[in-house]
Amino acid sequence: MILSIESSCDDSSIAITEIDSKKVVFHKKISQEAKHSIYGGVVPELASRLHAIDLPIILEEVKPYFKHLKAVSVTNQPGLGVTLLEGISMAKALAMLLNIPLIGVHHLKGHIYSLFIEKEIIEPILVLLISGGHTQIIEVRGRDKMKILATSIDDSVGESFDKCAKMMGLGYPGGPIIEKLAREGNEDRFDLPVPLKHSPLIAFSLSGLKNAVRLKIEGLGEAITYQDRCDISASFQKAIKLHLLQKSKKVFASCDIEDFAIVGGASANLYIRDAYKGICKEFNKNIHFAPLEYCSDNAVMIGRYAIEAYYNKDFIEPNRLDINPTKRVSNGDYLL
Ligand code: KG4
Ligand code: ZN
């Protein structure tokens with residue numbers, strides 16, 4: 001079995017996965033959402049301190065599995081430096097204590113492998129990753145052949161949902177709240193710009209849309225009603241959808257990969273999922289999603305990736321494993 005740890009942001013999570021059967025035998029996640037909610041976003045130092053409390057609580061529960069462990073895996077990049085450190089400190093200690101190999105996992109590769117939990121790998125596959133930290137289209141041809149075809153030049157999809165919710169005085173994370181309100185809203189009431197609509201760039205940008213939403217909210221002032229919030233949510237979600245679809249179609253037009261998937265926290269959004277089902281039909285692509293419970297951050301996806309790394313003996317000495325916080329990437333870069 002492999003033990004996996006995830007602490008790149010505000011979820012403390014540990015999983016145990018059987019290597020040969022790929023079966024998940026244990027998974028627990030302690031989410032810090034409620035604790036960050038009053039700040040309208042994640043506070044890194046608070047997140048780090050909460051990981052230091054919550055990860056050892058979960059670890060207590062997996063002690064009976066220690067004798068079966070063949071490796072320990074942990075997210076080491078990208079993410080918040082202070083929270084990644086909590087996970088890798090625990091992973092290094094376990095690898096040394098139990099004298100088993102250590103595997104460092106790239107968080108975004110983990111999100112991609114959320115598609116293959118308890119399943120075989122599908123490759124090649126084109127993946128749209130929409131999370132709180134990233135918006136990317138990635139061409140996946142192998143574990144070390146994941147090429148970024150499009151990325152965000154400013155905010156990510158999840159982050160823009162969070163900011164939109166914050167501007168309307170709603171809680172955190174904003175994605176599920178906005179999606180819920182949007183179901184009762186009129187998506188055509190507010191005329192919001194579709195980002196980069198007339199630009200040939202194959203890229204994502206959401207900060208202009210966020211500002212347009214801010215101006216609409218300011219225009220409504222103190223008198224903003226529940227229905228106004230629903231209509232803003234629906235109009236905002238529609239603009240995001242149109243932006244994602246427009247740029248994805250450009251990639252689809254020049255890519256012959258038949259399988260397509262959406263992963264990451266915001267891939268739980270059913271309105272966005274439905275829109276993609278439509279264009280995949282149009283472009284003759286098979287569409288795949290991760291199970292809803294594994295869209296947001298979790299250690300199970302890290303464990304699934306680690307199984308492949310284990311077979312390839314992709315190990316690292318504990319004193320060599322370091323964090324690699326979030327950095328800027330460009331089209332054509334590989335996830336390394
Ligand atoms: O993948 P994730 O858990 O963390 C990162 O790796 O960043 O993604 C979290 C993000 C948050 O910004 C949250 O608002 C967004 O995913 N999210 C959603 C939905 N559920 C979560 N965004 C849109 N619609 C949703 N239903
Ligand atoms: Zn994530």
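The legends below accompany close-up views of a predicted model.

**View 1. Strand β1 and its buried side chains.**
Let's start with β1, which spans residues 2-6. This strand is mostly covered, with 5 of its 5 residues buried. Ile2, Ser4 and Glu6 point one way from β1, while Leu3 and Ile5 point the other way. In a regular strand, side chains alternate between the two faces of the sheet. Here, residues pointing either way from β1 are buried.

**View 2. The two strand partners of β1.**
Which way does β2 run relative to β1, parallel or antiparallel? Strand β2 covers residues 11-17 and is antiparallel to β1, with 5 bridges joining the pair.

Ser13 sits in strand β2. Why does Ser13 count as buried? Its relative accessibility is 0%, so Ser13 falls under the 20% cut-off for a buried residue. The side chain of Ser13 makes a contact of 3.3 Å with the backbone oxygen of Lys28. A polar atom of the Ser13 side chain also lies 2.9 Å from the backbone nitrogen of Ala299.

For comparison, the ideal angle for four tetrahedral donors is 109.5 degrees. Distant parts of the chain are linked here: His111 belongs to helix α4 (residues 107-113), and Asp297 to the loop between β10 (286-289) and α10 (299-311), 186 residues apart. Both His111 and Asp297 are buried.

**View 3. The surroundings of ligand 1.**
There are 21 residues around ligand 1, and those that come nearest are Gly132, Asp162, Glu179, Gly265 and Asp297. Helices α4, α5 (157-167) and α6 (174-182) each supply at least two residues of this shell. A polar side-chain atom of Asp162 lies 2.7 Å from an oxygen atom of ligand 1. For Gly132, a backbone N or O atom is 2.8 Å from an oxygen atom of ligand 1. His107 takes part through an N or O atom of its side chain, 3.2 Å from an oxygen atom of ligand 1. How much of the accessible area of ligand 1 does the protein cover? On its own, ligand 1 has 550 Å² of accessible area, and the protein covers 89% of that.

**View 4. His106 in strand β5.**
Our last stop is His106, found in strand β5 (residues 102-106). His106 counts as buried because its relative accessibility is 9%. Met90 is 16 residues away from His106 along the chain, and the C-alpha atoms of the two are separated by 17 Å.

Key. Residues are numbered from 1 along each chain as its sequence is written. Chains are lettered from A and ligands numbered from 1 in the order in which they are written. This is a predicted model: local features need pLDDT of at least 70, side-chain atom pairs count only at pLDDT 80 or more; totals for chains, interfaces and linings use all residues. Side-chain values use heavy atoms; hydrogens and water are left out. Buried means under 20% relative accessible area, exposed over 50%, partly exposed in between (1.4 Å probe, protein chains only). Helices (H or I, at least four residues) and strands (E, at least two) are DSSP runs, numbered from the N terminus. Two strands pair if DSSP finds at least two bridges between them. A residue is near a molecule or strand if one of its heavy atoms lies within 4 Å of it. A polar contact is a pair of N or O atoms within 3.5 Å; within protein, one must be able to donate a hydrogen and the other to accept it, and residues adjacent in sequence count only if both atoms are side-chain atoms. Accessible areas come from the Shrake-Rupley method with a 1.4 Å probe; for residues, only the protein chains shown count as cover.
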